[in-house]
Amino acid sequence: RIQRPTTLCLIGSTPLIHLGLHSRQTEDIDVWDKASDYDAGELEGACRAVGLLFDPRGDVKQGEVYLQIVRPGPVSLPKSFQLDIVARYGKLTIAMPSPAIVAGSKLTRANESDIADIAWLMSHCALQLSEIRAAIKQFPNARDRETALENMVLVGLVAR
């Protein structure tokens, strides 16, 4: 049970599930460390109490659900951004970056499911290509910005 005020900033596919894309279920719940505010010991205990692994390092057995703390490196997000509140559960606040930032971060990888996620965001959140482009320009890593902007072509094709 969470006793202290806690904010978790969800990234990856988890925010899409909260927005209504229920078919996008995955075994991981990605939490962006830089925009979250939590006590690690308390959060780990709460995860354990409900049967979630907390921030596993290494291999995870198939079917195990886990909360992954994501730090800058493999994922690109702006250094700071406003959080969109998704829900509140007692002392726990669930938040996410704007849909434009979520879409932009998916374009640094741009696999088939990422492009489908972005198309869904565009249709369900009235997201415009210009908003995604503006979000990408805020990413701190030049290589990630370049890759994501190049991958905008894929989104343009799907958005037609």
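Where does Leu 154 sit? Leu 154 belongs to helix 6, residues 142-159.

Hi everyone, a quick word on the ground rules. This is a predicted model, with residues numbered from 1 along each chain as its sequence is written, and with local features needing pLDDT of at least 70, side-chain atom pairs counting only at pLDDT 80 or more, and totals for chains, interfaces and linings using all residues. Side-chain values use heavy atoms, with hydrogens and water left out.

Back to Leu 154, then. Its relative accessibility is 35%, so Leu 154 counts as partly exposed. For the cut-offs, buried means under 20% relative accessible area, exposed means over 50%, and partly exposed is in between, with a 1.4 Å probe and protein chains only.

Now to the charged pairs. How many salt bridges does a search of the whole structure find? The search finds eight. I call it a salt bridge when a side-chain nitrogen of Lys or Arg is within 4 Å of a carboxyl oxygen of Asp or Glu. As background, side chains of opposite charge can pair when their charged atoms come close.

One of them joins Asp 39 to Arg 4, with the closest N and O atoms 2.5 Å apart. This pair links distant parts of the chain, 35 residues apart: Arg 4 is in the segment before strand 1, and Asp 39 is in the loop between strand 2 (28-32) and helix 2 (40-50). Asp 39 is partly exposed at 31%, and Arg 4 is partly exposed at 45%.

Next, Arg 71 and Asp 55 meet in a salt bridge at 3.7 Å, N to O. Arg 71 lies in the loop between strand 4 (66-70) and strand 5 (84-89), and Asp 55 in the loop between strand 3 (53-54) and strand 4, so the pair ties together parts that are 16 residues apart in sequence. Arg 71 is partly exposed, at 35% relative accessibility, whereas Asp 55 counts as buried at 11%.

Then there is Lys 106, whose side chain meets that of Asp 114 in a salt bridge at 3.5 Å, N to O. Is this pair buried or exposed? Lys 106 is buried at 6% relative accessibility, and Asp 114 is buried at 0%. Both residues belong to a network of salt bridges that also includes Arg 24, Arg 109 and Asp 117.

Ser 13 sits in the loop between strand 1 (6-11) and helix 1 (14-19), and it is buried, with a relative accessible area of 7%. Setting aside neighbours within four places in sequence, Ser 13 is in contact (heavy atoms within 4.5 Å) with Arg 24, Thr 26 and Lys 106. With Thr 26 there is a side-chain to side-chain polar contact at 3.5 Å. A polar contact is a pair of N or O atoms within 3.5 Å; within protein, one must be able to donate a hydrogen and the other to accept it, and residues adjacent in sequence count only if both atoms are side-chain atoms.

On to the cysteines. A disulfide needs two cysteine sulfur atoms within 2.5 Å, and the search of the whole structure finds zero. Cys 9 is buried at 0%, while Cys 125 is partly exposed at 28%.

Ala 110 has a positive phi of about 55 degrees although it is not a glycine. Ala 110 lies in the loop between helix 3 (99-106) and helix 4 (112-124) and is buried at 14%. Ala 126 also has a positive phi, of about 50 degrees. Ala 126 is in the loop between helix 4 and helix 5 (129-136), and it is exposed at 57%.

Key: Helices (H or I, at least four residues) and strands (E, at least two) are DSSP runs, numbered from the N terminus.
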